[in-house]
Amino acid sequence: MDVTSHMSRVPDFTAFPTVDQMHAELDDLAAAHPDLVSLRRIGTSRLGEPLRVATIGTGPHDAVIIGGPHPNEPIGALTVSTLLRRLVEDAALREDFGFRWHLLPCADPDGARLNEGWYARPSDRRAYAEHFYRPAESDQVEWTFPLTGEDYFFDRTLPETEALMRLMDEVRPAFVYSLHNGELQGAFSYLSQDDPALAARLTAIATAEGLPLHMGPPEVPSAVQIGPAAYLTPRGSQIAAMYGIGGGSVDYADRFGALHLVTELPYWADPRVADQTPTDQEYGEAIRGSLDGQRALIAELAASLARVKGDLTVRSPFRRALEDFVGTHDEFIADWESLPGTDRPATVAEVVGSRQLVHLMRLRYCGTYLRMLDAELAAGNLTPAVRAERARLGARFDEWFEEAEAEAMGTPIPLRSLVAVQLGAALLAADSVRQARLS
């Protein structure tokens with residue numbers, strides 16, 4: 001399938017939509033096209049936010065599109081909007097392609113509202129870090145699907161996750177697409193099936209839009225590569241016990257034999273993340289340097305927490321996320337120490353990726369810590385320890401931000417390009433499913 005004509009019609013964007021704007025757009029499209037767009041509520045978030053899905057299209061196959069599975073990853077909200085509008089405008093895509101599309105712009109609206117402070121400034125890395133929020137691992141919609149294995153059992157599903165489960169149970173999808181993104185890594189994808197041809201097509205559209213490919217260290221050391229910048233999606237049975245989480249949406253999609261796709265796209269483009277030139281540094285040394293930096297961060301935040309813990313009074317989501325990171329992250333990264341084959345020269349991408357991960361963690365979780373302390377101060381909790389740590393960590397954040405900026409070579413990627421890649425990937429993957437079921 002040639003997706004370039006659809007990608008070329010993606011408009012320019014200057015900001016990510018707020019949750020209220022997402023709701024308003026769904027209402028407007030359903031009201032303007034009642035014969036095409038069906039809008040319904042499939043559930044309710046933990047704080048009472050409606051979870052609404054737009055359904056459009058005809059055909060024997062169903063696709064479930066999940067925007068915002070992590071609230072710091074809002075590219076998918078724009079992709080859902082763009083795909084929905086393309087389906088409204090293009091009768092052939094809507095009627096002849098063979099899919100009914102079920103589109104959810106934001107799976108975690110509660111968390112998204114806590115990120116809205118930077119949504120209007122998507123190219124501002126400092127604003128991103130200062131207004132960053134990502135839930136504790138076991139509070140993430142993407143990773144709280146049930147697991148019922150003999151060795152590990154998880155049934156603490158969230159209301160948002162249960163809503164997605166009900167939707168999939170109802171429509172029995174052939175294709176499930178979870179729209180993710182990162183920060184400074186390159187573009188890459190996860191596929192639930194070992195399909196090198198589809199993986200290559202996904203990589204090609206990212207390259208065509210000028211996005212650097214992610215050729216540095218994978219997210220998890222056990223990742224199985226399908227092709228350049230493409231991996232088999234890890235299942236909950238492989239990683240859940242280590243992280244204390246459930247299955248992913250991929251695990252639930254497996255119940256229906258669905259193709260599951262994840263696209264991971266950066267906000268900023270750094271060409272070094274795709275550079276496979278060997279360096280004079282050993283890969284194992286690059287990994288150890290990254291682990292040392294992350295562990296130093298954990299130790300510093302843990303020591304700071306010990307100084308204020310007795311004074312904390314606000315049960316904020318920032319505190320829960322921070323304490324989860326400090327308490328569990330060292331266990332998560334321990335697998336990297338036993339990674340085989342690291343006694344070779346590291347590539348530029350591997351060196352840069354290992355170092356950027358330290359900067360990412362520092363800014364994310366120091367920013368989260370500061371939001372936790374600001375919540376205490378806003379509640380009138382002005383104890384000496386809280387005020388002292390707010391001043392000290394505020395200065396530390398400035399230091400870490402300056403260090404990250406000094407090493408950064410990333411430039412903001414136009415939102416239009418990011419949405420075009422996610423849109424093109426949706427159509428390529430859906431077409432792959434369609435062709436497989438026709439054969």
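Author: The model is a predicted one, and two packed helices are described by the angle between their axes and the distance between the axes. Helix α9, residues 196-208, and helix α16, residues 415-438, have axes that come within 9 Å and cross at roughly 160 degrees; since an angle over 145 degrees counts as roughly antiparallel, α9 and α16 are therefore roughly antiparallel to each other, and their crossing is right-handed. On the α9 side the contact involves Leu198, Arg201, Leu202, Ile205 and Ala206, which meet Val421, Gly424, Ala425, Leu428, Ala429 and Ser432 of α16, and the residues of this contact comprise eight nonpolar, two polar and one charged. An α-helix has 3.6 residues a turn, so residues three or four places apart point the same way. As for α16 itself, its 24 residues reach 35 Å from the first C-alpha to the last, close to the 34 Å expected at 1.5 Å a residue, and the helix is mostly covered, with 19 of its 24 residues buried.

The second pair consists of helix α2, residues 19-32, and helix α3, residues 75-89, which pack at an angle of about 5 degrees with their axes 11 Å apart, and that angle makes α2 roughly parallel to α3. Here Met22, Glu25, Leu26 and Leu29 of α2 make the contact with Ala77, Ser81, Leu84 and Arg85 of α3, and the residues of the contact divide into five nonpolar, one polar and two charged.

Definitions and conventions:
Residues numbered from 1 in each chain as written. Predicted model: local features only at pLDDT ≥ 70, side-chain atom pairs only at ≥ 80, totals over all residues. Heavy atoms only, no water. Axes fitted to C-alpha atoms, helices over the stretch in contact; angles between N-to-C directions. Helix = DSSP H or I, 4+ residues; strand = E, 2+ residues; numbered from the N terminus. Parallel < 35°, antiparallel > 145°, perpendicular 65-115°, else oblique. Left-handed = near helix turned anticlockwise from the far one by under 90°. Contact = heavy atoms within 4.5 Å. Nonpolar A, V, L, I, M, F, W, Y, C, P; charged D, E, K, R; others polar. Expected span 1.5 Å × (residues − 1). Buried < 20%, exposed > 50% of the residue type's maximum accessible area, 1.4 Å probe, protein only.
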